[in-house]
There are 2 protein chains.
Amino acid sequence: MGRWEPNARGRLVQAAMELYGERGYEQTTVAEIANRAGLTERTFFRHFADKREVLFWGGGALQELLVSSVAEAPASTAPIDAVAAAFEAAAAQLQERREHSRQRQAIIAANAELRERELIKLESFASALADALRLRGVADTAASLAAEAGIAVFKIAFVHWLATGQPDFPQLIRESFDELKAVAAGK
Amino acid sequence: MGRWEPNARGRLVQAAMELYGERGYEQTTVAEIANRAGLTERTFFRHFADKREVLFWGGGALQELLVSSVAEAPASTAPIDAVAAAFEAAAAQLQERREHSRQRQAIIAANAELRERELIKLESFASALADALRLRGVADTAASLAAEAGIAVFKIAFVHWLATGQPDFPQLIRESFDELKAVAAGK
DNA sequence: GCGGCTGATGTCAGTTGCTGTCATCACCAT
DNA sequence: ATGGTGATGACAGCAACTGACATCAGCCGC
């Protein structure tokens, strides 16, 4: 295994997913991950800021999808509906890798540090969504509320999707947004 | 400073707040906190699970207030309104220590690890609120949605309260819930 | 084809958060 | 006073993370 094997980052992600899944996040050392990837601990930290981040690589793509979906919604679309459409698009993406999502979520759910990291990633999504809404002329507070409410819906629908094996995730998202509307209306 | 000075935990919290405020969270070592409190590093970790937790002591009281508020709401109150009432009560509590809230929030906002910890504490609030709603007979998804939406409103209103110096935090909470209702209705 | 440049990796030493273990000491009940 | 109990100190150790410097593959100009 020479020094110059390609795709070091991908190998590290792969090794980390395997080890976190096999023996758990806490019981896995960074040295072990690096070793399985044929690299050193120091190199791991050149690719990822910390031991958690290796599980969240690729989150940027999802964020871009959310933002562009909001940006491309018709001007007449209400903020909450633009957000809903964005999450429907995200759900369609995630649905293509359901098994991967399930494994990843099982790892994250089993560890508090990883849950913390996931929450701050979702918060970053909310912030980006709110910015995208403001670009559409939505007022500050309304933009933040629509974005955060959207994240809330997504979190709940995501868990539900993985738990029930519901085949159509985008539809589940739609239904969950409808239920949010009902709840907010005081039903 | 003898071994048996009272209120070790309180002294650690005090010392940590001071040092985090003076030189920042990352630039403060646990040994320094313990030293300022007249204790050792080992004792710090007997009182707090980690370096972050020292800033979140007392969060349990707020959670209990939220839960009991929901539990005590009239049976006819809609879930979202029970949640709103709970956060109004919490806001009234926080308002009594506005300056403390401001300093604490400034420290947290300055550091990603602390923001992560805060988010998981809020998630814990959401979970407890959802449980309290289920005890009232609210359906699973609706309970989770009302709780998470409430947290979303609170997060936004809290920042707004500290940023604007608005005197009446509970009223700000009420207005923010109204705005959520408008946003969710597609306004 | 050769030498130098660049960027990715390896090596090593060090700091700090955090834990396990055992000794020590204040306080309290008897 | 005596022994038990709970909080604290002292010490050793692991693992996450960082800085500094060496090394090596591939590419570029010549």
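This is a predicted model: local features need pLDDT of at least 70, side-chain atom pairs count only at pLDDT 80 or more; totals for chains, interfaces and linings use all residues.
Arg36(A) belongs to helix H2 (residues 30-36) of chain A and Glu18(A) to helix H1 (residues 8-23) of chain A, so the pair ties together parts that are 18 residues apart in sequence.

Over all chains, the structure holds 32 salt bridges, and several others are described below.

## The build of chain A

Chain A contains nine helices and zero strands, and from the N terminus on its elements run α-α-α-α-α-α-α-α-α. The C-alpha trace of chain A spans about 55 × 35 × 25 Å along its principal axes.

Of the 187 residues in chain A, 48% are buried, which here stands for a relative accessible area under 20%. When contacts in chain A between residues at least 6 apart in sequence are considered, 64% of them join residues at least 24 apart.

Helix H4 of chain A covers residues 59-72, and its 14 residues reach 20 Å from the first C-alpha to the last, close to the 20 Å expected at 1.5 Å a residue. The buried residues of H4(A) are Leu62(A), Leu66(A), Ser69(A) and Val70(A). Seen down the axis of H4(A), these buried residues fall within an arc of 100 degrees, so they line one face of the helix.

The buried residues of H4(A) pack against helix H5 (79-95) and helix H7 (112-135) of chain A. On the other side of H4(A), Ala61(A), Glu64(A), Ala71(A) and Glu72(A) are exposed.

In chain B, helix H4 (residues 59-72) includes Gly60(B), a residue that is partly exposed, with a relative accessible area of 40%. Gly60(B) and Lys121(B) are 61 residues apart in sequence, whereas in space they are 9.3 Å apart, C-alpha to C-alpha.

## Where chain A meets chain B

The two chains share an interface in which 29 residues of chain A are in contact with 29 residues of chain B. The size of an interface is often given as the accessible area lost when the parts come together. Between chain A and chain B the buried area is about 2,700 Å², and carbon and sulfur atoms give 72% of this area. In chain A, the residues that lose the most area to chain B are Glu116(A), Leu145(A) and Ile156(A), which together account for 24% of what that side buries.

Polar and charged pairs also cross this interface, where there are six residue pairs in polar contact, with both residues at pLDDT 80 or more, and six salt bridges between chain A and chain B. The elements that give two or more residues to the side of chain A that touches chain B are H5, H7, helix H8 (140-164) and helix H9 (169-184) of chain A. The largest share of that side, 11 residues, comes from H8(A).

## Charged pairs across and within the chains

One of the salt bridges between the chains joins the side chains of Glu116(A) and Arg117(B), at 2.4 Å from N to O. This pair runs from Glu116(A) in helix H7 of chain A to Arg117(B) in helix H7 (residues 112-135) of chain B.

Arg134(B) and Asp131(B) both lie in helix H7 of chain B, three residues apart, which is about one turn of the helix. Arg134(B) counts as partly exposed at 28% relative accessibility, and Asp131(B) also counts as partly exposed, at 41% relative accessibility. Elsewhere, salt bridges that share partners join Asp50(A), Arg52(A), Glu53(A), Glu113(A), Arg117(A), Lys121(A) and Glu116(B) into one network.

Note on methods
Residues are numbered from 1 along each chain as its sequence is written. Chains are lettered from A and ligands numbered from 1 in the order in which they are written. Side-chain values use heavy atoms; hydrogens and water are left out. Helices (H or I, at least four residues) and strands (E, at least two) are DSSP runs, numbered from the N terminus. The expected span of a helix is 1.5 Å times one less than its number of residues. Buried means under 20% relative accessible area, exposed over 50%, partly exposed in between (1.4 Å probe, protein chains only). The arc is that of the directions from the helix axis to the C-beta atoms. Contact means heavy atoms within 4.5 Å. Buried area is the accessible area (1.4 Å probe) that two parts lose on being put together, summed over both. A salt bridge is a side-chain nitrogen of Lys or Arg within 4 Å of a carboxyl oxygen of Asp or Glu. A polar contact is a pair of N or O atoms within 3.5 Å; within protein, one must be able to donate a hydrogen and the other to accept it, and residues adjacent in sequence count only if both atoms are side-chain atoms.
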